[in-house]
Amino acid sequence: MNSLISKITTSVMIIKPALTTLFVGITLGVWAQAPMVKTAYTLDDIIQLAKDQSPDAFRAKHTFRASYWEYRTYKADLLPSLSLDATIPEFNRSLKKYQLSDGTYSYIEENSSSASANLSMKQNIGLTGGNLFVTSEMMRTDQLGSNKSTTFFASPFVIGFSQPINGYNSFRWKKKIQPLKYEEARRRYLQDMENVSMKAANLFFSLLISQQQLEVAQINSANSDTLYKISRGRYNIGTIAENELLQMELSNLNAGKALNEARIQLEVEKFRIRSFLGFNDKVDIELSIPGAPPSGELAYEDVMSKVGTNNPDLLSYDRELLESQERVALARSQRGFQANLYARYGVTQQAAILRDAYKDPQEQQRVSLGIQIPILDWGLGRGKVQMAKSNLELARIRVQQARVDFNQQLFLQVMQFNMEDDQLYIATKADTIAQKRYEVTKQRFLIGKITVLDLNIAQNERDAAKISYLNALSTYWGSYFNLQSIALFDFARNKELETDFETLVK
């Protein structure tokens with residue numbers, strides 16, 4: 001039996017250094033090309049880096065910019081617009097068909113060039129949904145060939161008005177919806193940045209737990225190696241049984257395996273957080289354990305008040321109902337009688353000389369009223385109206401249910417956050433007790449008062465308590481950022497979240 005143990009021990013002593021050397025070669029081979037820069041980061045550092053340079057933060061920024069320019073386009077559409085249309089020049093050479101007095105047709109060559117310019121100003125009228133316009137136009141036409149001539153045509157000013165008469169005013173609906181969409185976009189950006197903070201915190205704690213697991217694995221490996229050597233000496237003098245020695249040897253092997261796995265997992269977590277922050281592989285990140293979030297117990301009514309004022313989802317519910325109502329109004333306007341009123345008044349003149357085209361201009365007027373009355377559409381218009389109404393009712397039911405679910409979910413999240421404080425206290429206390437118990441058990445094992453199984457149990461409980469503490473801390477911070485994201489309120493500083501939106505769009 002002693003011979004068997006000796007062989008096992010010799011094999012382990014040979015294999016273990018080889019495995020360690022192989023792992024180190026694989027792990028460090030990637031770093032051999034250039035030295036890595038190790039930097040220590042706190043949780044606040046990681047969150048700020050994520051907000052400054054992570055792809056998620058850039059995505060949130062450009063999503064807001066798109067919404068900002070959509071709102072600016074709506075505002076610009078309500079202001080006067082000035083435009084210049086010009087054709088310089090247009091050349092035309094073709095055969096023109098005309099009828100003779102005897103009923104036959106003949107062709108004459110048309111050879112001309114022309115140039116024109118039209119300066120126009122338009123103003124949309126939000127109150128009625130129509131638009132008012134003023135134009136000034138000038139055109140020059142040159143007949144080429146044998147009958148050369150030049151004609152100038154001028155309209156110094158023309159004022160006109162166009163108005164749809166169908167009960168649907170797109171500008172009135174935009175006035176209701178577009179400011180709501182822009183305010184929703186502002187709040188959504190703040191929420192997206194809080195979600196970036198939450199994701200950064202999750203990656204932070206994932207790396208921190210891996211970092212702590214590696215430290216624990218290194219301590220356990222060193223302790224297991226020492227205890228195995230002590231146990232082998234005790235076995236040689238006959239104070240412990242063979243099964244206890246084999247158990248300690250197995251524990252030593254498992255500790256080495258756990259150490260290698262912890263090293264690999266640490267590199268995986270470092271890669272994930274480097275990728276999220278936009279770092280290259282030359283940056284080695286080391287983290288420090290943070291404290292608890294700077295906030296006490298929260299009252300549901302207070303949180304709900306902040307949510308009702310700031311949350312973008314609640315605005316989206318209102319916007320969804322308005323858009324459904326708009327679609328009903330549009331379907332109704334397209335169903336029955338439709339009319340468009342068009343009127344214009346101006347002066348015009350033509351002459352062979354440019355300055356004469358602006359002398360004694362003649363009046364010109366034009367008024368038209370176009371109507372469209374569907375006579376037979378096989379229920380198409382009525383069907384569109386009914387579909388829009390059904391969609392509106394569905395939207396109302398969906399929004400009503402979403403509000404109920406939102407309030408219930410918020411209540412549970414507030415309750416969970418208030419419980420996390422107690423959970424963290426329990427985990428902290430358990431970590432301290434488990435550490436102390438392991439030290440006592442280890443000393444008792446060294447003097448031969450307990451078996452290796454008792455020592456292994458104490459070690460496993462110590463390791464589990466340490467990781468449980470970090471998980472409780474991670475959950476606490478996650479709940480804190482989650483509530484801050486929903487309410488858009490900094491509970492630690494007791495103020496609403498804000499940012500400089502003007503700088504953001506530059």
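Tutor: Two strands count as paired if DSSP finds at least two bridges between them; strands (E, at least two residues) and helices (H or I, at least four) are DSSP runs, numbered from the N terminus. The model is predicted, and local features need pLDDT of at least 70, side-chain atom pairs count only at pLDDT 80 or more, while totals for chains, interfaces and linings use all residues. Residues are numbered from 1 along each chain as its sequence is written, and side-chain values use heavy atoms, with hydrogens and water left out.

Student: What makes β3 and β4 a pair?

Tutor: The two strands are joined by 13 bridges and run antiparallel, with β4 at residues 131–143; the requirement is at least two bridges, so they pair. Lys-122 stands opposite Phe-133 in β4. Their hairpin has 6 residues between the strands, among them Gly-129 with a positive phi near 90°.

Student: Why is Tyr-345 called partly exposed?

Tutor: Buried means under 20% relative accessible area and exposed over 50%, with partly exposed in between (1.4 Å probe, protein chains only). Tyr-345 has 30%, so the residue falls in the middle class. Tyr-345 belongs to strand β7 (residues 338–351).

Student: Which residues does Tyr-345 contact, leaving aside neighbours within four places in sequence?

Tutor: Contact requires heavy atoms within 4.5 Å. On that basis, Tyr-345 is in contact with Phe-157, Val-158, Ile-159, Glu-363, Gln-364 and Gln-365. Glu-244 is 101 residues from Tyr-345 in sequence and 109 Å away in space, C-alpha to C-alpha.

Student: What makes a set of residues a nonpolar core?

Tutor: Its members are buried Ala, Val, Leu, Ile, Met, Phe, Trp, Tyr and Cys residues joined through side-chain atoms within 4.5 Å. The largest such core has 54 residues, and Ile-46, Leu-287, Val-307 and Phe-491 have the most contacts inside it. Several elements supply at least two residues each, including α4 (170–237), α5 (242–277) and α8 (380–446). A second, separate core of 16 residues includes Tyr-74, Tyr-189, Leu-488 and Leu-497.

Student: Why is a space called a cavity rather than a pocket?

Tutor: On a 1 Å grid over the protein atoms alone, a cavity is a set of points where a 1.4 Å probe fits but cannot get out, whereas a pocket is an open set with protein on both sides within 12 Å along at least five of seven lines; lining residues have an atom within 4 Å of a point. Volume is the space filled by probe spheres set on the points, which are joined across faces, edges and corners. The largest pocket has a volume of about 720 Å³, and the largest cavity holds about 30 Å³.

Student: What lines the largest cavity?

Tutor: The lining consists of Ser-224, Leu-227, Met-248, Ser-251, Leu-455, Asn-456 and Gln-459. Helix α9 gives the most, with 3 residues.

Student: How many residues line the largest pocket?

Tutor: There are 23, of which Lys-51, Glu-194, Gln-484, Asp-490 and Arg-493 lie nearest its centre.
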